[in-house]
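Biologist: I am new to this structure and would like a close look at its aromatic rings. Please take me through them slowly.

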Amino acid sequence: NQVSEDEWLPFVGDDEEVTITIGIVGKANVPNYETNAYTLLLEELSGIDIQFQYFTGSSVDAMTQLSLMAAANEPMPDIMWGLNSASTQTLFEFGQDGYILDLKPYFEQYGHYFWQSYAKLSEKEKQDVFTLGTDPISGGIYGFPLFTQPMNDQWNCMYSINQEWLKNLGLEAPDTVDELYNVLKAFKEKDPNGNGIADEIPMVGRSTDDGNDPGCYLTNAFVYYNPHHLLNVDNGQLWAPFTTEEYRQAMIFIRKLVKEGLLSDLSFSVTSDTEIMALATPSTGVAITGVFSGHPILVCEIENDVIRQYTGLSALQGVTDKGGYSVYTDPTPLYPTFITKDCKNPELAFKLLDLMCKDEVITTMRWGVEGIDWVRSSGTSAMGTESYIQVRNQSVWATGNQNWHGNGIGIFTYENYAPIYLEDDSWGSARDALMKSIKEGSNSGKEKTERMTKMPYTADEAEIIYELEGPIRGYV
């Protein structure tokens, strides 16, 4: 839509009063959606009066509540926003049943800001944004895309190792499974933190399927294994890594580490960043963990000098010809926001969604209020990408009434997603340095260039997969 800013905004004149209702899963750390800075910005630019209808629980719960409303013929909100856990198959079913609208013609006629950010994507990314959200049966696009260009934290298996411990014991960071075994054994037996107590945890991860499970890091020395996609692909043919002899060898090695107390069995019960943080950055100020997993910006939320002892741990060299890989998960678009059949003015509702892709609006959605929570600058982010976001308020996603505390729509690019820390933010700089070293370590192994990504399924296919995937993942 090639119109000027003055012609396009606002959508509603001063002498008009038009309301759009947004259904949203309310978050306890948003004090007031009606007076929220992000809400007020949208209203100021669009001229629309935004009202909210609150849903409870998770995104999946909200979809269930919406299904009940539709079945009872109760009026649904004009827009449902930010249901990030809602599957595309569920949207396809809703769309085929006529409960939500096909947005394809609206993109063509009323798209404006969306296309500006879309133009910055690669050809493959452009194709993914629409292909993966298109119903293979009806051809409809029922959800407004949410997509983030691939950052370096797309690399899985983010592990950090205590350099002070290595220095105290005269050791080098390990590159092979044998070297890792020897380092962990020394961490356990030789009091690397020097407090005279056998309190060291040589290595710990978390019981998750997002790459922070130590099994992900260790298994890839033997065979390529991505916990997000259970199947591998070579020359267009799918195969299961967990049925191979190489995977069995990895399990034997992991069992050996656990049996000898080198890999903490807490790794099978700890699930949250907070629990890992207590181990990685204890309040006593004395490190007790040699190797830990997790994204440092998430794990190391509280300033603690212990974290300055860590740098990234490299991928392990291959034990077999199928191993030695870094694990990379391709970013895939979500479709968490849509317009319902009960919307009386779908053109205006779509324009409001499109407005959320405008530069100053999408940055408010993620980073809060410009000039208060962040300022424009130029530099290199912790992800190694050029950015114009310099963060002043690290807690904007945890507290405050600056935004809705979630990414629910639009395209985030390299420039507006990964931030630059202020020069006088020594704590941010410390985490930044750790992030950079983890980035270097995480992608130091072989890269598997042919990878599984999200696949579009029909509703019937998705139902079969739903029945099978749980038991298979349990087995794995």
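Biologist: Which residue has its charged end over the ring of Tyr-181?

Modeller: This is a predicted model, in which local features need pLDDT of at least 70 and side-chain atom pairs count only at pLDDT 80 or more, while totals for chains, interfaces and linings use all residues. Residues are numbered from 1 along each chain as its sequence is written, and side-chain values use heavy atoms, with hydrogens and water left out. The residue is Lys-256, whose charged end sits over the ring of Tyr-181 at 4.2 Å from its centre (NZ of Lys or CZ of Arg must be within 6 Å of the ring centre and within 35 degrees of the ring normal). Lys-322 lies over the face of Trp-239, at 5.3 Å from the ring centre.

Rings also pair with one another, which requires centres of Phe, Tyr or Trp rings (for Trp, the six-membered ring) within 6.5 Å, with planes under 30 degrees apart counting as stacked, over 60 as edge-to-face and the rest as tilted; by this rule there are 33 aromatic pairs. Tyr-224 and Tyr-325 form an edge-to-face pair, 5.3 Å centre to centre and 80 degrees between the planes. Tyr-224 counts as buried at 4% relative accessibility, and Tyr-325 counts as buried at 18%. Ring pairs also link a cluster whose members include Tyr-106, Trp-115 and Phe-350.

Key: Buried < 20%, exposed > 50% of the residue type's maximum accessible area, 1.4 Å probe, protein only.
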